[in-house]
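Work through the exercises below with the sequence and the coordinates open. Each task is followed by a solution in steps.

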Amino acid sequence: MTAIPLSQTSPAPHKVVTQESPQVRRILILLALSFLSLFLLLPLVAVFFEALRKGWEVYFVAITEPDALAAIRLTLIAAAIAIPLNLLFGIAAAWTIAKFEFRGKSILTSLIDLPFSVSPVVAGLIYVLIFGLQGWAGPWLREHDLSVIFAVPGIVLATIFVTVPFIARELIPLMQAQGSEEEEAAIILGASGWQTLWYVTLPNIKWGLLYGTILCNARAMGEFGAVSVVSGHIRGLTNTLSLHVEILYNEYNFVAAFAVASLLALLALVTLALKTLVEAKVAQQASRGNHS
Amino acid sequence: MKFNTGLTAGLLILGLVCTRHALAEQTILNVSYDPTRELYEEYNREFIRHWQEKTGEKITVRQSHGGSGKQARAVIDGIPADVVTLALAHDIDAISKQSGLIPADWQQHLPNNSSPYLSTIVLLVRKDNPKGIRDWDDLIKPGVAVITPNPKTSGGARWNYLAAWGFALKKYEGDEAKAQAFLTRLYRNVPILDSGARGSTINFIQRGIGDVLISWENEAFLALREYGQEKFEIIIPSISILAEPPVTIVDKNADKHGVRNIARAYLEHLYSKAGQEIAVRNFYRPSDPEIARKYAHQFPTVNLFTVNEVAGNWQLAQHIHFSDGGLFDKIYEYQ
Amino acid sequence: MSNHKYHSGKHHSGKRHSVLPGFNLALGFTLLYLSLIVLIPLSAAFIHTAQLTWPEFWNTVTAPRVVASYRLTFGASLAAATVNAWFGLLVAWVLVRYPFPGKRLVDALIDLPFALPTSVAGITLTAIYAGNGWLGQYLEPLGIRVAFTPAGVFVALTFIGLPFVVRTVQPVLEDIEKELEEAAAMLGATRWQTFRYIIFPAVLPALTTGFALAFARAIGEYGSVIFIAGNIPMVSEITPLLIITKLEQYDYAGATAIAVVMLVISFILLLIINLLQWQVRRRSTKA
């Protein structure tokens with residue numbers, strides 16, 4: 001810690017010393033809230049305002065027409081495949097990194113983080129390079145009547161790619177902080193590896209797991225750039241919700257575009273509500289743990 | 001956990017297999033460019049009805065829309081298109097050359113250079129034409145904001161560019177250096193280059209950006225229909241380009257899916273009376289002379305030149321104007 | 001992704017000769033999965049670029065238009081990350097220290113940019129900042145144009161990077177011991193001095209990490225930017241858009257060349273972030 005300059009010794013203040021004056025507090029709160037309203041609240045309000053511009057009826061028609069339903073279905077499928085896979089990966093990666101010391105650990109950590117800073121456009125492009133007709137596997141796939149890009153598997157792959165780090169990143173610091181004493185004790189008492197994982201580790205990390213899953217899900221359903229490159233935009237077949245928004249927008253159908261967008265915003269809000277709930281649970285558990 | 005792995009792997013494999021099957025059942029996929037959304041929505045309904053009447057089979061027509069270049073790339077990379085209906089012949093040439101899915105002489109297989117409907121490039125201005133725009137000349141005046149998409153990614157934008165180029169060549173009697181200076185000044189007046197024609201139209205109409213939109217004629221009429229005559233006006237320039245958006249079968253895909261006869265009928269039906277009427281309803285100029293006469297009053301007379309007259313052919317136009325380091329890039333590289 | 005609790009405590013517990021089983025299995029699965037989903041696909045970009053000769057590669061990635069796009073992408077990302085760093089610190093401070101009505105709601109809203117699809121963000125921000133938009137109509141008469149200018153790129157990147165700094169700084173601020181601040185006050189430090197010399201150094205590593213994460217995320221961003229940027233070559237064209245542009249001209253090698261440059265930069269940035277965290281952790285275990 002940096003030393004505190006002692007030169008200015010003034011009489012000790014008799015108010016609460018770790019608080020700012022009310023004016024400063026008010027100004028800071030005001031400043032923070034105006035920044036957030038400008039950048040967060042305004043866009044959120046705009047989505048719902050534009051979506052309901054022509055009333056609820058138009059809104060419901062927009063989100064229940066067949067193409068919108070197909071987009072919802074595809075989005076759910078992609079998330080339903082991507083999340084369990086990333087969950088397994090997250091647990092394995094966190095177990096490796098948090099419970100063991102080995103060389104190259106920081107490189108492995110950076111590699112896990114990589115998909116998160118790779119441009120979504122590049123993420124889509126690499127799958128085109130591999131599975132595209134001009135790519136490595138393209139001709140073979142075509143011969144065997146299989147398609148990856150411009151079909152559901154491509155969208156699933158792109159979704160997995162962009163969400164790989166989410167659960168792992170949530171679990172690694174958590175498991176590092178918890179240490180391995182409990183697991184070691186279980187093993188010494190004769191539990192098998194799987195039993196230890198199932199009865200000791202998982203219960204300890206369940207909230208972190210849920211938290212990571214929620215964020216992973218939000219990102220999976222909202223991904224645009226990567227999915228856009230591999231989708232091919234076939235109506236009713238390879239359009240996810242976020243692509244469907246773009247299509248409606250391009251058809252001068254602004255109200256419908258914002259209606260579908262509001263579904264995604266709603267999803268975001270539900271996600272955030274769930275997350276807050278999980279956080280509250282964690283805090284509750286932590287305080288109970290502290291008191292015992 | 002094990003259950004999850006099995007389930008997901010199963011789903012993945014199922015997905016791989018199913019998507020192919022879903023497409024194989026008498027479904028054709030039309031990969032098209034941006035401004036044809038409304039046209040094909042109507043035409044597909046008509047064709048499905050027509051085909052059922054003729055053969056008793058019920059078929060599905062799937063659509064994909066996007067910038068013409070982007071769509072051509074999707075076909076090259078393997079989107080299972082049975083027919084493509086794009087903005088310009090060069091994009092289909094590219095599919096033919098890069099993937100071999102379409103024979104090189106594709107343009108000979110259907111009438112009228114494989115273009116069932118035609119269009120041209122016009123100017124759309126705000127009501128009462130506040131900037132007094134009458135012709136291409138007016139677009140290079142200082143203070144006139146021109147909206148047009150990026151010719152490197154948009155087919156429509158290439159027609160726009162070449163229309164202005166043709167005008168400049170005529171005005172400066174074939175002096176290419178002066179024509180180039182003209183285009184440079186024109187593009188200096190462009191505040192946004194969207195990647196597709198539809199994006200430009202939305203920015204002009206919905207966002208209120210710019211004084212004049214260089215646009216497909218059909219796109220301009222459609223904008224009038226969607227947003228009302230009271231807000232915009234169409235200005236017909238003294239001369240413009242004859243745009244021939246081509247259509248063709250993606251032979252190898254259609255054969256593979258066993259839908260060649262449907263795909264062929266789908267495109268041929270575009271030339272029929274019903275198809276031509278639908279094109280007219282969506283503001284495309286019909287290629288059938290008889291229908292064209294019938295609706296002559298709907299389409300203003302414009303002096304039209306062709307791509308070949310002002311740029312040799314599409315290959316040359318692409319190479320000289322739009323390739324990396326071409327004339328279009330020069331406009332932006334020496335500022 | 002939200003709480004980057006990298007300031008972990010006892011990580012010395014795991015050792016190479018750990019009694020815990022499953023190292024080989026877990027590492028094996030991790031590597032296999034990463035290879036299949038991330039590494040092999042990414043290597044495709046490098047291999048594809050190898051079709052170009054070295055001078056071709058160099059000319060592609062240093063063409064004036066490409067260089068101009070780096071300048072915009074990195075400049076706007078840097079500006080957005082900087083604004084996010086300062087305002088993120090402020091927001092985190094307010095959320096941790098001060099009670100006010102609706103605090104939980106505000107706290108939950110911070111993650112919105114993670115969850116909202118980027119295309120929706122782009123369309124919405126454009127609707128707000130365009131000349132006839134909610135805010136644009138008031139800004140335009142003042143001569144401030146946001147949508148369709150580099151400023152628009154900045155706004156979009158600020159939006160998507162906002163949660164990073166808040167979420168990295170928040171837990172650290174929560175952990176700062178009141179005793180230190182009290183001691184500082186006892187010794188006569190003003191509130192500002194306490195912040196400057198006690199609190200700020202403590203949150204600086206987290207702040208830097210948040211800044212770097214926001215920066216890395218902004219560089220690659222595509223969906224929200226293309227709607228609000230004017231996409232004019234040399235002025236408001238971002239690097240990911242150039243990759244798309246090259247692709248649409250069937251120039252795969254050129255597209256992957258630029259992609260490779262971006263990939264390398266991303267990876268270097270991540271290594272720096274992890275290095276920073278490693279240093280912080282070492283310092284905290286020493287203390």
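A salt bridge is a side-chain nitrogen of Lys or Arg within 4 Å of a carboxyl oxygen of Asp or Glu. The model is predicted, so local features need pLDDT of at least 70 and side-chain atom pairs count only at pLDDT 80 or more, while totals for chains, interfaces and linings use all residues. Residues are numbered from 1 along each chain as its sequence is written, chains are lettered from A and ligands numbered from 1 in the order in which they are written, and side-chain values use heavy atoms, with hydrogens and water left out.

**Exercise 1. Salt bridges**

Solution. Step 2: in one of them, the side chains of A:R235 and A:D67 meet at 3.5 Å, N to O. Helices (H or I, at least four residues) and strands (E, at least two) are DSSP runs, numbered from the N terminus. As background, side chains of opposite charge can pair when their charged atoms come close.

**Exercise 2. Chain C on its own**

**Exercise 3. Chain A against chain C**

Task: Describe the contact of chain A with chain C by residues and by buried area.

Solution. Step 1: with contact taken as heavy atoms within 4.5 Å, 110 residues of chain A touch 114 residues of chain C. Step 2: buried area is the accessible area (1.4 Å probe) that two parts lose on being put together, summed over both. For chain A and chain C this is about 10,500 Å², and carbon and sulfur atoms give 75% of it. Step 3: zero salt bridges are found across this interface. Step 4: helix α1 (residues 22–51) of chain A gives the most to the side of chain A that touches chain C, with 20 residues.

**Exercise 4. Chain C against chain B**

Task: Describe the contact of chain C with chain B, and say which residues of chain C lose the most area to chain B.

Solution. Step 1: 23 residues of chain C and 29 residues of chain B take part. Step 2: the buried area is about 2,200 Å², with 53% from carbon and sulfur atoms. On the side of chain C, the residues that lose the most area are C:F148, C:E248 and C:Y250, together 30% of what that side buries. Step 3: two salt bridges cross this interface; one of them joins the side chains of C:K246 and B:D324 (2.6 Å, N to O). Step 4: α3 (64–97), α6 (118–129) and α12 (239–248) of chain C are the elements that give two or more residues to this side. Of these, α12(C) gives the most, with four residues.

**Exercise 5. A sheet in chain B**

Solution. Two strands pair if DSSP finds at least two bridges between them. Step 3: β3 (residues 83–85) of chain B runs antiparallel to β9(B), joined by three bridges. B:V84 has B:T248 as its bridge partner in β9(B).
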